[in-house]
Amino acid sequence: MSAIVFISSLDSAEQQQWLGMLTKLLPDESILLPEAFSAELAAEVDIAIVANPDPSILSNFPNLLWVQSLWAGVEALVPSIRQHNRQLEQSKQLQLVRLLDPQMAATMAEAVLAWTLYLHRNMPQYAIQQRQQLWQQLPCARAEETRVTVLGAGELGIAAINALLQQNYKVSCWSRSQKNIAGVHNYVSVEQLPEAIAQADILINLLPLTAETKGLLNQQLLSNLPRGAKLINFSRGAVLDHPALLELLDSGQLSHAVLDVFEMEPLPVDNPLWQHSQITVLPHISAPTNMQSAARVVADNINSYRAVDVLPTTVNLAQGY
């Protein structure tokens, strides 16, 4: 029986749930917490399953080949893996695998569609009018007249784009590499980013957090949005410059923002984002990991690796995703 180390900072109840589910799906593997390994047994471990791990623990397992994350976002792990690899020979470089779960993509697509409809159909304004006891109908463009630009066209982005297309929105996207999606104009390269943003009545950010995207959505870039445009941020809080967002909302350049991710979570109670009338704050719920489906994906990855000795799709550590 092979041994796999499970490294996490989850609370004990959630950690035991994961261990129970993974053990059931991987009966030929022994999945143990780090403290269960002697130095001799640790040297035999080639796979780590991780969830918000203490990266220093990885060094206790000198012959690891790959790390399977239970999350889709791996920006916190990438620097640690890079640092770990600097001490190793090229032939022993540790690989990182992020969670690629079709269920998560479907959940993100639902969230993108739900909150796009929320903005398109003027729901924030009607909520304000209700509090004011104001009976007033607001103009609403048809879906096919509403321009939606999605930043990021990976697995989650493509699922979101397809959901928007099914509702007849006029969809564009911006991505690092060329995508060929029927009915969607694809902008590529940093040079085309201002143009992509200028075409958005609703801008949806699904970009991964990397050195290149940190603070990318700043005042200069967001000022390219048409006046009165709306924003959804479902990627990472650090991609968006929040002080710039507040200025753009106060000036009327943007009319509303839906924010699901923040640099500090939970969002501190004294943060001004909570109280702003043109901001909807969500508690990081756009695409939570589904334990059942995620565990099956992880188990399939490990079983396939044991059968054919080929790693799942790995993260490009230079790019960060």
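The structure is a predicted model, in which local features need pLDDT of at least 70 and side-chain atom pairs count only at pLDDT 80 or more, whereas totals for chains, interfaces and linings use all residues. Residues are numbered from 1 along each chain as its sequence is written, and side-chain values use heavy atoms, with hydrogens and water left out.

An open sheet is formed by five strands, arranged in the order β2-β1-β3-β4-β5 with parallel pairing; here strands (E, at least two residues) and helices (H or I, at least four residues) are DSSP runs numbered from the N terminus, and two strands pair if DSSP finds at least two bridges between them. Because β2 (29–32) and β5 (95–97) stand at the edges, each with a single partner strand, one side of each is left without a neighbour in the sheet. From one strand to the next the twist averages 25 degrees, where axes are lines fitted to C-alpha atoms, for helices over the stretch in contact, and angles between N-to-C directions run from 0 to 180 degrees. Within this arrangement, strand β1 (residues 2–8) and strand β3 (residues 47–51) run parallel and are joined by four bridges, and Phe-6 stands opposite Ile-49 in β3.

Six salt bridges are found in the structure, a salt bridge being a side-chain nitrogen of Lys or Arg within 4 Å of a carboxyl oxygen of Asp or Glu. One of them is formed by the side chains of Arg-306 and Asp-46, at 2.8 Å from N to O. Since Arg-306 belongs to helix α10 (residues 291–308) and Asp-46 to the loop between α2 (39–42) and β3, this pair ties together parts that are 260 residues apart in sequence. The two partners fall in separate accessibility classes, which are buried for under 20% relative accessible area, exposed for over 50%, and partly exposed in between (1.4 Å probe, protein chains only): Arg-306 is partly exposed at 29%, while Asp-46 is buried at 15%.

Another salt bridge brings together the side chains of Glu-144 and Arg-142, with an N to O distance of 3.1 Å; Glu-144 is partly exposed, with a relative accessible area of 40%, and Arg-142 is likewise partly exposed, with a value of 48%. In a further salt bridge, between Asp-201 and Arg-147, the closest N and O atoms are 3.1 Å apart. This pair links distant parts of the chain, Asp-201 being placed in the loop between α7 (193–198) and β9 (202–205) and Arg-147 in strand β6 (residues 147–151), 54 residues apart. Asp-201 counts as partly exposed at 24% relative accessibility, and Arg-147 is partly exposed with a relative accessible area of 24%. Salt bridges that share partners also join Glu-29, Asp-46 and Arg-306 into one network.

Helix α4 (residues 102–120) comprises 19 residues, which at 1.5 Å a residue should span 27 Å, and the distance of 27 Å between its end C-alpha atoms agrees with this; the expected span is taken as 1.5 Å times one less than the number of residues. At the start of α4, a side-chain oxygen of Asp-101 comes to within 2.9 Å of the backbone nitrogen of Gln-103.

Zero disulfides are found in a search of the whole structure, a disulfide being a pair of cysteine sulfur atoms within 2.5 Å. As regards cysteine accessibility, Cys-140 is partly exposed, with a relative accessible area of 35%, whereas Cys-173 is buried, with a relative accessible area of 0%.

Glu-265 and Pro-266 are joined by a cis peptide bond with omega of about -5 degrees, and Pro-266 is placed in the loop between β11 (254–259) and β12 (279–281). Asn-168, a residue other than glycine, has a positive phi near 70 degrees; Asn-168 is located in the loop between α6 (155–166) and β7 (170–175) and counts as partly exposed at 49% relative accessibility. Asp-309 also has a positive phi, of about 60 degrees, although it is not a glycine; Asp-309 is found in the segment after α10 and counts as exposed at 58% relative accessibility.

Conventions
Polar contact = N/O pair within 3.5 Å; in protein donor to acceptor, adjacent residues only side chain to side chain.
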